[in-house]
Amino acid sequence: AKVVLKIPRLQSKSYTINKFPQYIQSKLQSIKSYNMWFSSALIPTLFLISRTTLAFSPSLHHVDQHSSVFSSAATALYSTAADSSPATASSTTTSSPGDRDILVRAARGEQVERTPVWLMRQAGRYMAAFREYSTKYPFRERSETPSMATELSLQCHRAYGMDGIIMFSDILTPLPTLGIDFDVVRGKGPQIYTEIRTEDDVAKLADPSNLNFDEKLPFIRDILGTLSQEAEKGNTSLIGFVGAPFTLAAYTIEGKSSKDCLATKKMMMADEIGENKAMSQFMDKLAVMIGNYGCHQIECGAQVIQMFESWAHQLSPKGFEQYAKPAAQKAIRLMKERYPDVPVIYFANGGSSFLELQRDMGCDMIGVDWAVDMAQARKILGPDIPISGNLDPTILFGTKEQIEQAVRDCIDKAGGPGKHLLNLGHGVMQGTPEEAVGWLVDECKRYRG
């Protein structure tokens, strides 16, 4: 079908700001009235048309409302496309009724009709639309302002149609509820300003069993509440996430990213001989806070929780088993006791060298990094433990054919279509070609073995 949009002559600010999204909406409604089978792949094209038209409008050169116009137009495009696209078995760009919870069902360990897909850091700087915000606003402003966080969470789903929307936030976000101050500084990354070295330092932190997240982090309910509505309209799932206790402890103790995690490991060794029990006490407080924070996200609308053990690569198998694992299990147990039907995914970045120790985490699904072959990971975990992962993120710099083959290989090694949850083995890298993400998602949705 050939669709022709006549772009109106933009002669005034008021017409452009107030009328342009409605104009696009009306045109798409006309398409819908003719019962055209409308693929969501058309959305980026029409969105680009709207952006280009606005960019070349002389009347808009100094208008600060571009972002809201783009967002409004994109929402109109997305909503109309979602409403007017009937499901077809042969098209990976159309939506079917089962797409709403296919990711949730897969995370519970159910065999599903096809392999679902989402990507860590799918809301990230590889997207030009995302960089329009990240180059202008500091991280905490973006992640703690509901309107911005919501928009950044939705951009990738509008463009690629992943099977889950994940809240744009950070694993460090709940630290202030305990009295730990942090920021994310451009060019430096996370900076934690509260020192934790002694048992007295830990004792000064807030009681994690008595935290009011609505009071301390009021933006979380706003963000997840809006995203829950958008996920329902977009026929997809909503993913929340938390950091694992060891990772948050190490970040706090080191005060920033660290190559060797030496201060943390010294505290672990002092704790082991009973000289200073600050490490185990701190981990316990973090486990309770994280478990309760995950429950709060569920109460705000999250349908799946992923726990990120981002610093697992800093741990030996002994360190993992002695410190990281028990604390993560406690946080997971708190979530599962209160919300047994909400799946929890545990992902240990760099933890594939001790994957056998993760069989009994108490979660519903194990995410694996890219350093282990998916067939080997499946063998280690066994056939009964649901698995997620684990494409090498650098494959997205390859050709379309290479990406599609990698997707098929990963799905086959995990047991075949519908037998696991496809993801990268780490986050989408900055500089990743945007079209490559679309190729990955489309092939995953298309492939039936």
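Colleague: What makes you say that Arg-140 lies over the face of Phe-182?

Modeller: In this predicted model, Arg-140 is placed at 4.4 Å from the ring centre of Phe-182, and a distance within 6 Å is part of what the definition asks for, together with a limit on the angle to the ring normal.

Colleague: How many aromatic pairs does a search of the whole structure find?

Modeller: The search finds 8 aromatic pairs.

Colleague: Why is the pair of Phe-213 and Tyr-293 called tilted?

Modeller: The centres of these two rings are 5.5 Å apart, which is within the 6.5 Å needed for a pair, and their planes meet at 35°; since stacked requires under 30 degrees and edge-to-face over 60, the pair is therefore tilted. Phe-213 belongs to helix α9 and Tyr-293 to helix α13, so that the pair links parts of the chain 80 residues apart.

Colleague: How do you know whether Phe-213 and Tyr-293 are buried or exposed?

Modeller: Buried means under 20% relative accessible area; Phe-213 has 6% and therefore counts as buried, and Tyr-293, at 1%, counts as buried too.

Colleague: What makes the pair of Phe-308 and Phe-347 edge-to-face?

Modeller: Their planes stand at 80° to each other, and the term applies over 60 degrees, while the centres are 6.2 Å apart. Phe-308 lies in strand β5 and Phe-347 in strand β6, so this pair ties together parts that are 39 residues apart in sequence. With a relative accessible area of 12%, Phe-308 is buried, and Phe-347 counts as buried at 4%.

How values were computed:
Residues numbered from 1 in each chain as written. Predicted model: local features only at pLDDT ≥ 70, side-chain atom pairs only at ≥ 80, totals over all residues. Heavy atoms only, no water. Phe/Tyr/Trp six-rings, centres within 6.5 Å; stacked < 30°, edge-to-face > 60°. Helix = DSSP H or I, 4+ residues; strand = E, 2+ residues; numbered from the N terminus. Buried < 20%, exposed > 50% of the residue type's maximum accessible area, 1.4 Å probe, protein only. Lys NZ or Arg CZ within 6 Å of the ring centre and 35° of its normal.
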